[in-house]
Amino acid sequence: MASNARRSKLDANKPGGMMSTAIIGHIFQVVQDAQGTLSIDSRPDHGLMIDDQGTITSVMPKKDCGHADRIVDYGDRLILPGFIDTHVHFPQTDMIGVYSGELLEWLDEHTFPHETALIQDPEQAKDSAKAFANELFRHGTCTAVAFACSKKSATQILFEEFDRNGARLVSGKISMNRFAPEGMLDQIDDDLQAQSQLIQDWNGKDERLFYALSPRFAPSCSADLLQGISDLLVKNPKLYVQTHFAENLDEVAWVKDLFPKSTDYLGVYEDYGLINERCILAHGIYASASERERLKRSRTMVSHCPTSNLFLGSGLLPYRSFREQGIVLGLGTDVGAGTSFSLWQTMAEAVKVSKLRREQVLPEDLFFAATLGAAQGLQLSDRIGSLEAGKQADFQVIDPSRRELLKRRLPYCHDHRQFLSALIFHCDDRNLESLWVKGRKIFENNTSA
């Protein structure tokens, strides 16, 4: 795909009242009809008409975009919806790929000590927050559902960074009062007080920043702490909830020992009213038939994290079975057990996991999970997830020519599905040219192949 020079009447970032912007290129996305059927929408030489509030007012052929006050012409580069990473850990940025055993050993030997050190050093937390955001952006992620830290100060730093850079964030202070180093733990009253203040400061700010109640996972929280989190949710029913679920067999057995009165692992969270359509559960590999049915009924989103699951040897999520059953699915990089910030790589590994399970998952299924499907799971599909009139302009610009192998592969793709498959297996951070949120460019990548 040849690279065309960008044409601009005015700087697209220049503020101004009541001005329209046309972003022109090859619009490429996965859409869903009223019956739930997915299809690939490919429109070369089209433009997004965006108002000065960052809302897409129309999508039209390039020839009809000349009336815009500002024109940014990306030629034949791809304009894709921004990615939505539904599970990632901010404090683990600098320990990505650390060699270890399985989940519980990895937490004790590496994760907890590293997060404790970050909590104790505000300057390290600020530096990590900037690096974390930058890595997300260079891989096309506009929205991150992120675990912050178990202390208010470092969580505040993460929100401040996303407030400054203009991206979207769903996050919250990690709640945990047992089975971790003392420096990571909080007394229940201190935890709930800190969360109440963070909710007041950040939830809903600029329609970009949202608070998530974040019990690390059931073993980390006593019954009293889970009850306190539940009480916060009753007071603030529009909050998100994020936690881990059924990632590892040893973890599942441990939960059974710790909460013998609960029906099962999911039942622990249900007992405290934490399971609903605004809850994101990471992993879910070992969900039982009963748990799957209850996940479907509650519209709870499961975040599939294949690079992490493979790295820790946790298991292979039956993605196709979950989707056919009607469970809401997103994709998560799960850094730092996850080995890349790239949702392209996450999709590629999800394909491999499905093949190991002798299931077929189509490229459009996975791209949907990284964009519009994730937006639906977060109750945000009225504003993000696809490029259409009425939604906010969150998009990434991809230049396939920046990677020689991808540039060579695309001419041989005989349909849109093969084209998307080529992107999934060959696109990386070199291909990203720029990233936009609410019609504002927040990242530009000057790296070439």
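**Backbone geometry, a buried histidine and a helix pair**

K438 is found in the loop between β15 (432-437) and β16 (440-444), and in this predicted model K438 has a positive phi of about 50 degrees although it is not a glycine. Most residues other than glycine have a negative phi, and most peptide bonds are trans. A positive phi, near 55 degrees, is also computed for D45, again a residue other than glycine. D45 belongs to strand β2 (residues 38-50) and is partly exposed, its relative accessible area being 46%. A cis peptide bond, with omega about 10 degrees, links V335 to G336, and G336 is located in the loop that runs between β13 (328-331) and α11 (343-356).

H244 is part of strand β10 (residues 240-245); because its relative accessible area is 7%, which is under the 20% cut-off, H244 counts as buried. A polar contact of 3.2 Å is made between the side chains of H244 and H87. When residues up to four places away in sequence are set aside, H244 touches H87, H89, F147, R216, F217, Y265, Y269, A282 and H283.

Helix α4 (residues 188-202) packs with helix α5 (residues 223-235) at an angle of about 20 degrees, the axes lying 10 Å apart. Because angles under 35 degrees count as roughly parallel, α4 is described as roughly parallel to α5, and the crossing of α4 past α5 is right-handed. In this contact, I188, D191, L192, Q195 and S196 of α4 meet D224, L225, G228, I229 and L232 of α5, and the residues involved comprise five nonpolar, three polar and two charged.

Terms used: Residues are numbered from 1 along each chain as its sequence is written. This is a predicted model: local features need pLDDT of at least 70, side-chain atom pairs count only at pLDDT 80 or more; totals for chains, interfaces and linings use all residues. Side-chain values use heavy atoms; hydrogens and water are left out. Helices (H or I, at least four residues) and strands (E, at least two) are DSSP runs, numbered from the N terminus. Buried means under 20% relative accessible area, exposed over 50%, partly exposed in between (1.4 Å probe, protein chains only). A polar contact is a pair of N or O atoms within 3.5 Å; within protein, one must be able to donate a hydrogen and the other to accept it, and residues adjacent in sequence count only if both atoms are side-chain atoms. Contact means heavy atoms within 4.5 Å. Axes are lines fitted to C-alpha atoms, for helices over the stretch in contact, and angles run from 0 to 180 degrees between N-to-C directions. Angles under 35 degrees count as roughly parallel, over 145 as roughly antiparallel, 65 to 115 as roughly perpendicular and the rest as oblique. A crossing is left-handed if the near helix is turned anticlockwise from the far one by less than a right angle, and right-handed if clockwise. Ala, Val, Leu, Ile, Met, Phe, Trp, Tyr, Cys and Pro count as nonpolar, Asp, Glu, Lys and Arg as charged, and the others, Gly among them, as polar.
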